[in-house]
2 protein chains.
Amino acid sequence: MKIAIDAMGGDFAPGEIIKGAVAGAREYGVGIILAGPEETIRAELEKYDTVGLDIEIEHTDEYLVEGEHPAFALRKKRNASIMVATRLVKEGKAAAAIGVGPTGGVFAAALQLLGTLEGLARPVIGGQFLGFAPDTIMIDLGGNVDSRPDQLLDFGIVGMVYARKWMGIPNPTIALLSNGVEEGKGNEVVRETYELFKKSGLNFTGYVEGNDVAHGKANVVICDGFVGNVVAKFCEGLGDVTAGWLEKTLESKMSKAETGEIITALKRATIPADALGGGPLWGVNGVICKAHGRSKAGEVASTIGTAKRAVEIDLVGTFKTELAAVRSGINIPGPNA
Amino acid sequence: MKIAIDAMGGDFAPGEIIKGAVAGAREYGVGIILAGPEETIRAELEKYDTVGLDIEIEHTDEYLVEGEHPAFALRKKRNASIMVATRLVKEGKAAAAIGVGPTGGVFAAALQLLGTLEGLARPVIGGQFLGFAPDTIMIDLGGNVDSRPDQLLDFGIVGMVYARKWMGIPNPTIALLSNGVEEGKGNEVVRETYELFKKSGLNFTGYVEGNDVAHGKANVVICDGFVGNVVAKFCEGLGDVTAGWLEKTLESKMSKAETGEIITALKRATIPADALGGGPLWGVNGVICKAHGRSKAGEVASTIGTAKRAVEIDLVGTFKTELAAVRSGINIPGPNA
């Protein structure tokens, strides 16, 4: 299996991306195709032991830079590294592609080259972002802002499939994130979406509030990408600040090694980038995984693991089957279907 | 000074409200007027030592119940306990009023009876909700959903005044919460609001992301009430779950008392209800403080302290002066003006 990676995306590209690609190639036993300027990539690769690894370079001089509008920039940069990586999937030369950033660029390339699955208006980003609530996923985490009610319903269907097929939860509960559980709460879109879910036949349990997320009150928590992004990043920031405070507080009470273990566990549980590694873009007609823009080598490597697994279980094919089943109103097949 | 309290609002009414009122009356040396059914209140009051305290009852049989639409319900229940408490402020019989819930009811009563300050479309809820970022406030935390850009700008002005006058920050920075800092990020409303702030003459520093909040990157973080509510409650939930995990993790490593201290500090830093006690409704033409719906006696008591301070520094009068100054484009007077 070959996995294509945009070597030029994210805050720490290309250094950490390439370091992570090497680590991931070894750890998961997959071939890697790095898309980006050949000389730059080669210079980075020379820093590591790549003996016995299947790592190729797909040269391109173009890549997205921070600050430019991704979708707009891609119209000019037809050979931007994220486009090249994604095209390898389209052409069947790679089983999956990984993009680290900017998010909009990963989405735009996937949309332009692969498109969405039938019946889905747009692809979504989601996943388990909180280690303390391992059976809870949140969708959307940033890909879709200003989502319409029917798009939020799509998120619910995708989340249900993911929770069952990827996480092995037989009959996942789906809830809508709101600013209260009482009637009349929610914003305009959320209230309309509530009515759609009620009619959907999904295992919909109603509204959950912000505090319910960490408590794992639902398996699939649905929200607009703006809200999901803010919450996921807030989670990371709070985890980080809490860990810093805890480190100082515990300093005088236990050994440095003991403190270090606790801090590492806390960060792992609260930093989505660490917990997730990277998530597949659900709803795209091919396996495209998006890693956090601040990903370092460790997260890039684990995203390679995620991409490999998505290919192995045929996540995309399963999405298609299940979406068709839900949408046609047929009884949803069991978790082993 | 007399402070009126709706004895029937919130998840733990009337028991915890009345217990907190007694504690607050003693701690802050203020008179209390409890609005609600006299017999019920009297029965609760009998449980405590109230000797030397100035506690009155303003009888009413009506109060809001969970599940009804607050603004709608208040049209029928003209003597709901929150209306009675707020009316005491309007009539000059109380210097401030406290409502514990539902939020919509506290807002609706304030709006109907006191109205907003000139130039403000709606009142807002905000405050320091994170102990780890004591110089950062977020607005709106739940009162206003589907806010328009001009309303979000209002939140910025109110937050600036609050940060200067209440928190003593000379030239507070104001930032807009978004799903990224790059151009093109934000949802439709946030992008429009960005342009408004740029023109406002306020000390506007641009977008901040979710992770910047805990790091205290801006003094005043502006967001729609739906987002603010979800984030504040998420913060509480994550703090709670982290504290539970930490308690177990530290169990074998230190004494129960030492662990208890750390847990208490962590909860205090991450639970908005604990950290805040309760916040004033900014922009209302009178001092109305809203406590978290899940408030117990401790939070009710500290909200009494908050209300007392708001009266003492003439927060409402200062809001009026400062808003007029900002809006007329005159140089904003210094923090001691």
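**Figure 1. Polar contacts between chain B and chain A.** Let's start where the two chains meet in this predicted model. How many residue pairs are in polar contact between chain B and chain A? Counting pairs with both residues at pLDDT 80 or more, there are ten. Which parts of chain B give two or more residues to the side that touches chain A? They are the helices α7 (188-200), α8 (210-214), α9 (225-250) and α10 (256-270) of chain B. The largest share comes from α9(B), which puts in 17 residues. Sort that side of chain B by class and you get 23 nonpolar, 18 polar and twelve charged residues.

**Figure 2. A salt bridge between the chains.** Here we zoom in on one pair of side chains: E209(B) and K233(A) meet in a salt bridge, with 2.3 Å from N to O. In total, four salt bridges are counted between chain B and chain A.

**Figure 3. The whole contact between chain B and chain A.** Stepping back a bit, chain A brings 53 residues to the contact, and chain B brings 53 residues too. How much area is buried between chain B and chain A? It comes to about 4600 Å², and carbon and sulfur atoms give 70% of that. If you wonder why area comes up here, the size of an interface is often given as the accessible area lost when the parts come together.

**Figure 4. Helix α6 of chain A, end to end.** This helix covers residues 149-165 of chain A. Is α6(A) largely enclosed or largely open? Of its 17 residues, 16 are buried, so the rest of the structure largely encloses this helix.

Figure 5. T303(A) sits in helix α12 of chain A, which runs over residues 297-312. Is T303(A) buried or exposed? Its relative accessible area is 0%, and under 20% counts as buried, so T303(A) is buried. A polar atom of the T303(A) side chain lies 2.7 Å from the backbone oxygen of E299(A). As for helices in general, an α-helix has 3.6 residues a turn, so residues three or four places apart point the same way.

**Figure 6. G104(B) in helix α5 of chain B.** Over in chain B, G104(B) is part of helix α5, residues 103-113. With a relative accessible area of 28%, G104(B) is partly exposed. Now find T50(B), 54 residues away from G104(B) along the chain: their C-alpha atoms are separated by 32 Å.

Conventions. Residues are numbered from 1 along each chain as its sequence is written. Chains are lettered from A and ligands numbered from 1 in the order in which they are written. Side-chain values use heavy atoms; hydrogens and water are left out. Contact means heavy atoms within 4.5 Å. Buried area is the accessible area (1.4 Å probe) that two parts lose on being put together, summed over both. A polar contact is a pair of N or O atoms within 3.5 Å; within protein, one must be able to donate a hydrogen and the other to accept it, and residues adjacent in sequence count only if both atoms are side-chain atoms. Helices (H or I, at least four residues) and strands (E, at least two) are DSSP runs, numbered from the N terminus. Ala, Val, Leu, Ile, Met, Phe, Trp, Tyr, Cys and Pro count as nonpolar, Asp, Glu, Lys and Arg as charged, and the others, Gly among them, as polar. The expected span of a helix is 1.5 Å times one less than its number of residues. Buried means under 20% relative accessible area, exposed over 50%, partly exposed in between (1.4 Å probe, protein chains only).
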